[in-house]
Amino acid sequence: MAENFASADPLFDTVLIANRGEIAVRIQRACRELGLKTVSICSEADRQASYGETADHFVCIGPANARRSYLNQDAILLAARLTGAGAIHPGYGFLSENTSFSAAVEDAGLTFIGPDARSIATMGDKITAKKAMIAAGVPCVPGPDTALPDDHATVEQIARDIGYPVIIKAAGGGGGRGMRVVQEPSALIEAMTLTREEARQAFGNPALYMEKFLQHPRHIEIQVLCDTHGNAVWLGHRDCSMQRRHQKVVEEAPAPGIAADIIEPVGLACVEACQQIGYRGVGTFEFLYEDGKFYFIEMNTRLQVEHPVTEMTSGIDIVQAQIKAAQGIRLDLQQGDVICDGHSFECRINAEDPDTFLPSAGAVTDIAWPQGEGVRLDTHIYPGYGVSPYYDSLIAKLIVHAPTRAEAITKMRTALAGTRVEGISTNLPLLRALFEDAAFAQGETDIHYLEKWLKAWRAA
Ligand code: ADP
């Protein structure tokens with residue numbers, strides 16, 4: 001990565017990682033490779049974390065309840081002050097897209113490794129993001145770029161204008177939550193009321209909007225990388241159509257079957273949008289793709305879970321690049337220097353029952369990870385690790401890279417066969433079966449395919 005940034009004096013030499021689990025390990029590795037010191041934090045439930053031992057400082061900041069630890073801004077800022085950290089990396093989830101946290105970090109004289117509060121406010125709110133993208137000339141899913149009013153008659157008229165089915169979405173939603181599909185007029189008002197209440201409780205923001213519910217789209221996204229000097233590039237595309245309940249299960253790069261001349265203008269529009277809003281660091285523009293057309297749905301103003309598939313194909317360490325951008329180092333990489341090679345898949349290994357999908361907590365008694373060229377494993381668990389019931393069920397990400405998609409599928413099959421996690425339930429049986437499926441192997445399946453496939457798989 002060193003050749004991709006022109007050198008400058010770094011702004012900080014110690015990074016506090018305000019997260020847990022596999023991403024805390026991933027960020028710590030990037031920091032160490034850049035010669036930076038690290039501060040890891042934990043809740044009382046995570047004192048056993050392996051990354052605590054390898055950090056320069058390890059600070060317990062509160063009880064298991066995330067509201068009082070990983071979401072406790074004051075506790076995190078205090079930990080940074082006490083350990084002399086000059087920057088905070090928020091990872092994904094928790095405070096990563098929180099405007100007030102980004103601002104509080106900067107107000108404390110520290111560097112937030114992510115965009116500034118203004119960019120998060122614009123792009124982290126799905127309604128203002130949609131407005132900004134329309135202004136930048138990027139096509140969005142049909143529907144108004146304004147919040148839904150409370151007045152029932154107006155809402156009914158908006159739905160009629162769009163045409164059923166429609167989807168009601170929370171402006172502040174994330175993680176596949178705060179969305180409801182409405183098939184017919186009689187269900188509209190109740191769906192709006194329920195989603196508004198959910199949005200208020202889950203995201204602290206009751207604003208909703210409505211758009212056309214697309215019937216058979218694929219989820220395709222563009223990774224961008226920007227410095228603080230107005231330079232920006234896109235690092236290719238990913239397909240994240242394999243979803244259950246709007247949550248990604250398997251991701252791949254590149255999205256199969258998309259011709260370069262179709263995707264290139266979209267990538268360039270994303271870069272332009274970043275330059276227009278003065279975006280810094282890494283980000284992802286998410287699109288639905290149907291009948292040869294792209295429709296913007298949202299921007300994630302942070303590092304994403306699936307960033308490794310882009311690292312594998314582009315050869316660029318996205319976390320290191322993100323940290324260097326935050327250090328104010330100039331991106332010394334032109335679009336023409338970004339060359340994506342081969343094909344990569346990522347499987348999210350979750351501690352959950354493969355039939356009921358209920359989280360499975362408890363001690364991991366034994367583990368076997370796959371090995372070999374083109375196989376990568378991002379995880380925080382180890383034999384004896386206790387999977388906590390308090391947090392997300394993601395325990396590992398298995399990533400492969402091969403010259404072609406077909407070879408990458410074979411490599412993933414072999415890697416999954418060589419993976420064993422004992423003591424808790426995982427979704428490994430589901431992932432193994434999915435990689436044997438003929439339609440998935442063919443590629444270009446839509447966002448509804450996995451749920452349909454799951455029904456048949458569970459019935460069999
Ligand atoms: P989140 O921020 O919770 O991830 P997104 O807006 O990215 O929410 O949407 C997540 C998923 O929900 C998409 O990948 C897609 O599967 C589905 N979805 C969202 N909007 C639409 C739509 N207009 N039509 C069909 N599916 C949609």
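Q: How many of the ten residues of strand 13 (residues 281-290) are buried?
A: This is a predicted model, where local features need pLDDT of at least 70, side-chain atom pairs count only at pLDDT 80 or more, and totals for chains, interfaces and linings use all residues. Residues are numbered from 1 along each chain as its sequence is written, and side-chain values use heavy atoms, leaving out hydrogens and water. Strands are DSSP E runs of at least two residues, helices are H or I runs of at least four, both numbered from the N terminus; buried means under 20% relative accessible area (1.4 Å probe, protein chains only). Strand 13 is mostly covered, and its buried count is ten.

Q: Which residue of strand 13 stands opposite Gln223?
A: Strands pair if DSSP finds at least two bridges between them. Across from Gln223 sits Thr284.

Q: Which residue in the turn between strand 13 and strand 14 has a positive phi?
A: Strand 14 (residues 293-300) is joined to strand 13 by seven antiparallel bridges. The two make a hairpin with two residues between them, and the one with a phi of about 50° is Asp291.

Terms used:
Buried means under 20% relative accessible area, exposed over 50%, partly exposed in between (1.4 Å probe, protein chains only).
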